[in-house]
Amino acid sequence: MAHDADASVRPGTDAAPPHSAPRAAVLVIGEALIDIVDRGGDAVEFVGGSPANVAIGVARQGIATALLTSIGRDDRGRRIADQVEASGAAVADASWTDAATFTARARIQPDGSAEYDFDISWTLDPGAVAAAADAASVVHSGSIALFLQPGGEVALAGLERAARAGAIVTVDPNIRPALVGADARSVAERAFAAADLVKLSDEDAAALYPDVSPGRVLRTIAALGPRVVVMTRGSAGALALGPDGVTTADPLRVEVADTIGAGDAFMASLITSAVDEPQLLTGDGGALERALRRAAVMAGVTVSRPGADPPTRAEVDRLR
């Protein structure tokens with residue numbers, strides 16, 4: 001790990017093992033969908049959606065997790081629910097709708113990255129979001145869920161409600177340019193203002209703050225209220241600003257299958273660290289470094305296998 005205020009900096013389907021320590025209840029609010037991955041003309045379907053990936057990732061760390069989303073009562077919706085629940089997370093009853101389950105067609109590029117076309121609409125029940133947020137100790141949202149209306153306003157209100165109640169709030173904007181709308185920055189900054197911890201990629205930063213240096217982006221977001229702000233930058237690693245200053249981390253070096261779910265795994269690990277080590281948010285020499293290293297391992301394992309398939313706690317612990 002290194003400390004450099006001007007450093008440039010992103011870094012299995014097993015059921016989560018039991019964990020003996022008490023666990024905070026984590027609520028994830030956001031989209032779940034089916035990724036239709038096109039690899040040179042061969043299409044394969046994976047469970048996806050950034051918030052759903054985060055919920056699966058957190059649950060595989062042995063943390064009590066619930067996903068509040070919108071899925072259809074169709075084969076794809078049942079497949080999503082089965083995978084979320086197999087991870088150890090719960091799908092909130094209010095998630096089920098009569099509409100078709102959302103899809104995203106992902107075209108894998110030569111470098112393993114993915115380009116997406118989405119078939120999605122987004123609504124949420126305000127009462128269900130409020131009730132779920134009131135019952136959680138940690139509330140996370142991001143991606144399409146914050147930006148696509150009318151559900152985006154409900155998700156934002158849920159984050160703000162959780163913040164007022166004293167829950168830990170985490171946000172990953174995960175900007176989808178075709179879907180966020182002209183007011184993306186104002187929406188993102190409203191979410192950041194409610195958050196204790198924000199994770200964004202260098203691509204998110206470029207979309208929200210064009211031509212602004214990484215260090216300045218972190219400071220700009222931190223000034224809105226978050227205690228920890230992390231920027232991921234793929235093979236360049238991660239840069240974070242926390243109570244003890246700026247910290248960097250290298251990525252885990254692996255053979256990349258694809259990058260689907262990498263940022264979501266990184267986010268899930270940061271949530272895990274916030275639960276495991278509350279001092280991450282208050283300042284403790286080393287807590288942020290440990291969190292970044294753990295997140296780099298979790299993201300690295302994820303990109304080493306196809307689709308969004310984050311590791312279990314045991315897998316991460318073996319590589320930390």
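Predicted model: local features only at pLDDT ≥ 70, side-chain atom pairs only at ≥ 80, totals over all residues.
Local features need pLDDT of at least 70 and side-chain atom pairs count only at pLDDT 80 or more, while totals for chains, interfaces and linings use all residues. Residues are numbered from 1 along each chain as its sequence is written, and side-chain values use heavy atoms, with hydrogens and water left out.

**Helix packing**

Two packed helices are described by the angle between their axes and the distance between the axes. Axes are lines fitted to C-alpha atoms, for helices over the stretch in contact, and angles run from 0 to 180 degrees between N-to-C directions. Helices (H or I, at least four residues) and strands (E, at least two) are DSSP runs, numbered from the N terminus.

| Helices | Angle | Axis distance |
|---|---|---|
| α5 and α7 | about 20° | 8 Å |
| α3 and α5 | about 25° | 9 Å |

Helix α5 covers residues 151-164 and helix α7 residues 184-194. The two are therefore roughly parallel to each other (angles under 35 degrees; over 145 is roughly antiparallel, 65 to 115 roughly perpendicular and the rest oblique). Their crossing is left-handed, that is, the near helix is turned anticlockwise from the far one by less than a right angle, whereas clockwise is right-handed. On α5 the contact (heavy atoms within 4.5 Å) is made by Glu-153, Leu-156, Ala-157, Leu-159, Glu-160 and Ala-163, and on α7 by Val-187, Arg-190, Ala-191 and Ala-194. Seven of these contact residues are nonpolar, none polar and three charged; Ala, Val, Leu, Ile, Met, Phe, Trp, Tyr, Cys and Pro count as nonpolar, Asp, Glu, Lys and Arg as charged, and the others, Gly among them, as polar.

Helices α3 and α5 are likewise roughly parallel to each other, but α3 passes α5 in a right-handed crossing. Here Pro-126, Val-129, Ala-130, Ala-133 and Asp-134 of α3 meet Val-154, Gly-158, Arg-161 and Ala-162 of α5. This contact has six nonpolar, one polar and two charged residues.

**Aromatic pair**

The structure holds one aromatic pair (ring centres within 6.5 Å, using the six-membered ring of Trp; planes under 30 degrees apart are stacked, over 60 edge-to-face and the rest tilted). The ring centres of Phe-102 and Trp-122 are 6.5 Å apart and the planes lie at 65°, so the pair is edge-to-face. Phe-102 is in the loop between β7 (96-97) and β8 (103-108), and Trp-122, 20 residues apart from it, is in the loop between β9 (114-119) and α3 (126-134). Both Phe-102 and Trp-122 are buried (under 20% relative accessible area with a 1.4 Å probe, protein chains only; exposed is over 50%, partly exposed in between).

**Val-37**

Val-37 is in strand β2 (residues 33-39) and, at 0% relative accessibility, counts as buried. Its C-alpha atom is separated by 9.8 Å from that of Pro-306, 269 residues apart along the chain.
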